[in-house]
Amino acid sequence: MNALKSRVDTWLGRFTMYRLILWVLAVLMVFSLVLNVLGWLTFGLPQMLVHLGLCLGLTYGSNRLLAPLFRVKPHSESSLITGLLLYFLFWPSFAALDMAGVALACVLATVSKYALAFRERHIFNPAACGAFITGLTGLNIATWWAATPAMLWAVVPGVLLVLYRTRKLLMASVFMVVATSIVCVELLNHGSTFAESLWQPLAQRPLLFFVGFMLSEPLTLPPRRWQQLALAAVVGVVFAVPYNLGFVANSPELALLAGNAIAFLLGQRGGVLLAFRGTRALSPGNTEFRFEPKRPVRFAPGQFMELNLPHGGSDGRGRRRVFSITSAPDSPELTFGVGTAEPVSTAKKVLLALQPGDVVRGTAVGGDFLLPRDAGRPVLLIAAGIGITPFLSQLAAGAGRTRDTVLLYLAPSRAELAGLEELEASGARVIARLSDGSTPPAFMHDAGKERIDAGSLKRLVPDISTRDVYVSGSPASVDSLRAAARGAGARRVRVDSFAGY
């Protein structure tokens with residue numbers, strides 16, 4: 001099972017969230033056309049093809065036209081995703097007013113990315129925004145026809161794939177439980193059987209499509225997991241409870257927009273311009289990139305930032321990449337630790353080609369890989385390779401001096417140990433396990449080259465059961481080390497994995 005999970009993580013790591021959603025939506029679109037040919041959908045194939053062309057053409061074209069006006073580079077993947085979402089939201093039709101409404105929704109969705117934005121970052125989900133405003137005009141109303149029983153065969157695996165890749169399964173579960181429960185109770189009160197009350201919201205209401213492709217959009221989520229879970233519950237209530245305020249009634253798009261507004265108030269919203277200042281080698285295979293933010297960046301040690309790195313000839317993983325912050329929150333510079341060993345991705349090539357003064361944009365700060373607030377709780381930090389990067393930020397912020405901290409650092413050799421100066425000055429007890437058997441620096445304790453399992457971990461850190469354990473590294477390393485920590489008696493284990501970028 002672990003081997004299969006590792007292979008899935010490695011494969012999914014080849015795609016950014018945006019590219020994966022684009023491919024999944026494209027597969028769903030093809031599946032819907034096949035269903036129509038087989039007679040399982042009754043729109044008419046010409047209507048579906050024209051509807052698809054209208055949605056993709058207008059979102060892509062309007063994005064290409066508007067981006068230069070706002071002096072930003074157009075994000076083609078984002079526009080195509082918006083177009084595919086609107087394809088599934090509006091009913092395919094040749095009626096003039098219906099087509100006019102779809103066209104308006106496409107243009108409004110694109111406009112919202114720029115007009116309803118804060119520091120050049122959109123506040124609301126564009127597809128939901130376009131659909132909601134169009135509904136107010138009376139030209140057309142979103143029907144969310146993807147919520148069709150026949151579509152479940154593709155929607156369910158697609159949604160699960162996206163939620164697994166984006167690590168939003170728990171958040172999605174909260175939304176599904178809340179919304180489904182409310183709808184079930186309503187249907188039971190109207191005389192439906194329990195089976196009918198459960199089947200109807202799952203198969204005939206757009207809960208799955210909504211949570212998989214729209215609610216989970218990172219750019220419109222708050223940064224912390226507890227905030228995301230609370231938001232999922234609130235949106236679930238607004239989604240499922242029937243209401244009518246006269247000019248608006250409950251709808252999926254209105255529920256999502258309300259959630260977007262709440263999320264905007266909770267986190268670091270808006271892009272951050274970062275002026276490149278230089279690099280330094282952390283190790284032969286890892287590089288630290290230094291930037292000066294144009295305005296203060298709010299983050300907690302252990303969090304990450306998503307960078308927008310426009311480049312041609314993308315390797316399939318898009319232009320937005322997530323990097324762990326290695327600097328302390330009070331540092332005037334923002335630094336990122338990046339694995340730069342060959343083969344180097346196209347995005348990393350962009351980073352390596354930066355010249356002092358060049359500007360890139362940080363588009364999101366997030367992550368829950370945070371140490372306990374109570375400094376009296378001892379911790380064990382386990383880093384495998386590039387997994388050292390979030391710990392460098394935590395140690396730079398004083399974790400090794402303000403609490404009992406042990407760091408177990410796994411690396412191929414002494415030469416591959418990163419951040420030695422920071423580690424030596426951190427005040428933490430550092431244990432090195434080097435695969436080639438080389439001797440670590442004098443300030444580190446040598447764990448030899450034996451495999452780290454439950455037994456060896458217990459010998460190295462006898463009081464592991466009293467410590468909060470944090471594990472960071474590749475997905476395969478994290479799975480193995482988490483199991484070892486549990487086997488050694490750890491009761492609280494948190495993980496942070498790097499699936500590749």
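Colleague: By class, what makes up the lining of the second largest cavity?
Modeller: That lining has six nonpolar, two polar and one charged residues. Nonpolar means Ala, Val, Leu, Ile, Met, Phe, Trp, Tyr, Cys or Pro; charged means Asp, Glu, Lys or Arg; the others, Gly among them, are polar. This is a predicted model: local features need pLDDT of at least 70, side-chain atom pairs need 80 or more, and totals for chains, interfaces and linings use all residues. Numbering starts from 1 along each chain as its sequence is written, and side-chain values use heavy atoms, without hydrogens and water.

Colleague: Which residues line the second largest cavity?
Modeller: A cavity is a set of 1 Å grid points, over protein atoms alone, where a 1.4 Å probe fits but cannot get out; lining residues have an atom within 4 Å of a point. Here they are V50, H51, L54, W91, P92, S93, D98, M99 and V102. Helices α3 (45-69) and α5 (96-115) each supply at least two.

Colleague: What about the largest cavity's lining?
Modeller: It has 13 residues; A146, A147, L152, V155 and L208 lie nearest the centre. By class, 11 are nonpolar, one is polar and one is charged. Helix α10 gives the largest share, three residues.

Colleague: In what order do the sheet's strands run?
Modeller: Strands are DSSP runs of E, at least two residues; helices are runs of H or I, at least four. Two strands pair if DSSP finds at least two bridges. Here six strands form an open, antiparallel sheet: β6-β5-β8-β3-β4-β7. Edge strands β6 (320-324) and β7 (334-339) each have a single partner, so one side of each lacks a neighbour in the sheet.

Colleague: How many bridges join β3 to β4?
Modeller: Eight bridges join β3 (272-283) to β4 (286-293). T279 has F289 in β4 as its bridge partner.

Notes. On a 1 Å grid over the protein atoms alone, a cavity is a set of points where a 1.4 Å probe fits but cannot get out, and a pocket is an open set with protein on both sides within 12 Å along at least five of seven lines; lining residues have an atom within 4 Å of a point.
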